[in-house]
Amino acid sequence: MNILRFITAGSVDDGKSTLIGRLLYDSKSILADQLEALEQQSKNKNDDGIDLAIITDGLRAEREQGITIDVAYRYFATPKRKFIIADAPGHTQYTRNMITGASNSELIIILVDARNGVTEQTRRHSIIASLLNIPEVVVTVNKMDLVGYSEEVFNNIKQEYEEIAKRLGLKSVHYFPISAFVGDNIVNTTEAMPWYKGNSLLDFLETVEITKNNYDQPRFQVQYVIRPQTEALHDYRGYAGEVISGTYRKGDAIIVEPEGITTKLSKIEYNGEEVAEAKAGDPVVLHIEDDIDISRGDYFAKQGAEPQQGQDIEAIVCWMDKRELREGNKYLLQQRSKLVKAIVKEIEYKIDVNTLNQTEGVESVKLNEIAKIRLKTASPLVYDAFQSNPPMGSAILIDETSNATVGAVMIY
């Protein structure tokens with residue numbers, strides 16, 4: 001079975017944690033001992049039955065305040081598919097947490113409270129989804145039971161969101177009227193909304209086809225150089241890593257970047273066996289015809305279809321540190337297996353995540369803010385633009401002194 005990674009997002013008290021709890025509870029994905037503990041904790045909190053939000057709100061502070069603070073990951077499976085869910089906070093000050101959870105998501109569920117309609121938080125989360133290039137967007141209009149299951153309310157929210165989707169260029173958007181608290185249209189369709197003729201949310205999640213990275217130019221980064229130097233494998237030299245995009249075939253003419261040296265693939269190994277080709281997502285060991293000095297972080301690309309490279313990098317950054325980002329600050333830039341020193345040459349503008357407006361002439365970027373910056377790296381960086389090939393265009397900034405991740409980077 002393939003795996004679907006998705007994230008839930010919405011304003012505070014829109015019911016994100018309850019929605020995930022309902023998915024797990026109604027799909028019978030909670031173990032007996034977990035269910036017993038859940039029932040006990042719910043009794044301690046209220047007398048309304050099981051509090052499904054407790055399943056994901058694991059921190060004491062979250063339970064006391066009734067909010068989600070950290071990104072909580074939950075795993076469950078149905079006979080049709082496996083799922084990894086990221087439950088992200090709705091508060092503005094936890095934008096960095098949401099971006100962390102969304103960075104590997106293939107689908108985002110944006111919750112809208114039927115009583116409040118589209119809010120500023122709805123727009124903010126939609127903007128982040130567009131910045132991160134998340135291919136599938138699901139808008140769930142929650143708490144339909146509190147508006148009398150009104151078709152008019154649902155249609156008005158759908159119409160308003162369609163304008164947002166159009167402006168942001170969100171191409172694949174799906175709409176569901178639900179009640180996470182009651183369980184309407186989550187795992188099973190409901191008779192409470194006879195006007196709704198679509199599938200339940202879980203049915204959709206089980207069957208939606210996710211458009212994987214369809215960038216077709218071959219990209220491979222060396223993660224490890226295998227050189228056993230044993231009697232049996234005296235001349236063995238292989239380059240282990242994952243095929244990032246495209247397809248590699250035995251005999252392909254390739255170029256090793258950033259050195260720019262040309263050679264050919266002499267052998268491809270997958271799961272210990274020699275194969276004729278390898279495609280995106282395959283963990284492989286590649287062999288080349290020539291003896292070339294190749295190190296961790298180097299790239300193999302097809303001749304004539306090389307990625308970009310350079311030391312002047314333009315990027316969008318989401319700032320994750322309490323210490324502000326300023327021009328002249330020095331960091332480590334990690335792009336997959338490649339680690340280089342970098343300096344912030346310019347802050348071009350800051351992006352308002354609620355309106356997409358750009359503010360120029362700013363001196364610093366603060367925690368949870370998003371900005372367009374220009375970096376200068378100590379050595380050439382090999383990359384594709386994030387919008388066309390996200391795995392090749394994403395990176396992180398690391399503080400040299402604390403070794404903490406301080407920024408999420410999307411290269412343009």
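The protein chain folds into eight helices and 25 strands. The model is a predicted one. Of its 412 residues, 51% count as buried. Among contacts in the chain with a separation of 6 or more, 69% join residues 24 or more positions apart. This briefing looks at helix α6 and its surroundings.

**Helix α6: length**
- Helix α6 covers residues 151-168.
- Its 18 residues should span 26 Å at 1.5 Å a residue, and the end C-alpha atoms are 26 Å apart, so the two values agree.

- F154, I157, Y161, I164, A165 and L168 are the buried residues of α6.
- These residues lie on the same side of α6, because they cover an arc of only 100 degrees around the axis.
- The face turned away from that buried side carries exposed residues: E152, Q159, E163, K166 and R167.

**Packing of α5 on α6**
- Helix α5 spans residues 120-131.
- The α5 and α6 axes are 10 Å apart, and the helices pack at an angle of about 30 degrees.
- The crossing of α5 past α6 is right-handed.
- On the α5 side, the contact uses T122, R123, S126, I127 and S130.
- On the α6 side, E160, Y161, I164 and L168 take part.
- The residues of this contact comprise four nonpolar, three polar and two charged.
- Y161, I164 and L168 of α6 are buried, and these residues meet α5.

How values were computed: Residues numbered from 1 in each chain as written. Predicted model: local features only at pLDDT ≥ 70, side-chain atom pairs only at ≥ 80, totals over all residues. Heavy atoms only, no water. Axes fitted to C-alpha atoms, helices over the stretch in contact; angles between N-to-C directions. Helix = DSSP H or I, 4+ residues; strand = E, 2+ residues; numbered from the N terminus. Left-handed = near helix turned anticlockwise from the far one by under 90°. Contact = heavy atoms within 4.5 Å. Nonpolar A, V, L, I, M, F, W, Y, C, P; charged D, E, K, R; others polar. Expected span 1.5 Å × (residues − 1). Buried < 20%, exposed > 50% of the residue type's maximum accessible area, 1.4 Å probe, protein only. Arc of directions from axis to C-beta.
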